[in-house]
Amino acid sequence: MTQNITTIGFDADDTLWHNERFFRLTEGRFVDLLSDYAERDHLERTLLDAERRNLGRYGYGIKGFVLSMIETAIEVTDERVPAAVIRQLIDAGQEMLRHPIDLLPHARAAVEAAAQTHRVLLITKGDLLDQERKLAQSGLGDLFHAVEIVSDKTAPVYSQIFNRHGDGAARALMVGNSLKSDVLPVIEAGGWGIHVPHGDTWALEHAEAPEQTDGSRFRELPDLGQLAALMRDIG
Ligand SMILES: [Mg+2]
């Protein structure tokens, strides 16, 4: 084969370690703090609208999430939210920035195995400092040939990254939990997109799965323990 895969990109959050569950926990606290003002459903919907609206301003990550919670608190209370509640939302966000790193099953073994045969990259979006902290605490940092923390994961972004660190997207494969961010744009760029679903996936990361046919460059794996076998399969 002349088109062997030389480069493997790994997503970080909810691919190598848990992340979304800390957002869901904090959202639960947010709902409790504002339960005197609005119903759970309304709070969750209003917060999600704020997050969607703010993505283009603040990007992905905890800082933008906290600002969206504060904005929603002001909105649902008709600007009467007590400062003590704002304080608790800020505290909740700072606690998220300290959450421990809990690796997902097979994460270390999968990256180690991939690094023996391929160039491995970490490709993630989110707050720069927070992503750097999590990578450092994960103990996986030394396994990666390069780390890219980007503002968004689009086909052109993947093309640039795989050109810079590999042999182009056509000879690259990306592994991640988000169809929208880790799989579809990589396939669009000409690479392989490998979906490893995680139970908690943010509503704004939702997308429909492409068809998994012999000719397609899409595969789904139940967990990272299956990655080595897949690599032997597709090269
Ligand atoms: Mg992810």
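**A guided tour of the sheet and its helices**

Begin by selecting strand β2 (residues 119–125) and strand β3 (residues 146–150), which pair in the parallel sense over 5 bridges; strands pair if DSSP finds at least two bridges between them. Helices (H or I, at least four residues) and strands (E, at least two) are DSSP runs, numbered from the N terminus. The model is predicted: local features need pLDDT of at least 70, side-chain atom pairs count only at pLDDT 80 or more, and totals for chains, interfaces and linings use all residues. Residues are numbered from 1 along each chain as its sequence is written.

Within this pair, Thr124 has Ile149 of β3 as its bridge partner.

Next, display the whole sheet. It is open, with 6 strands in the order β3-β2-β1-β4-β5-β6 and parallel pairing. β3 and β6 (218–220) are the edge strands, each pairing on one side only.

Now select strand β1 (residues 7–10) and strand β4 (residues 172–176), which run parallel and are joined by 4 bridges. Here Phe10 stands opposite Val175 in β4. Angles run from 0 to 180 degrees between N-to-C directions, and axes are lines fitted to C-alpha atoms, for helices over the stretch in contact.

Finally, select helix α8 (residues 179–188), which lies across β4, β5 (192–195) and β6, running at about 155° to β5.

Methods. Two residues are in contact if their C-beta atoms, placed from the backbone, lie within 7 Å.
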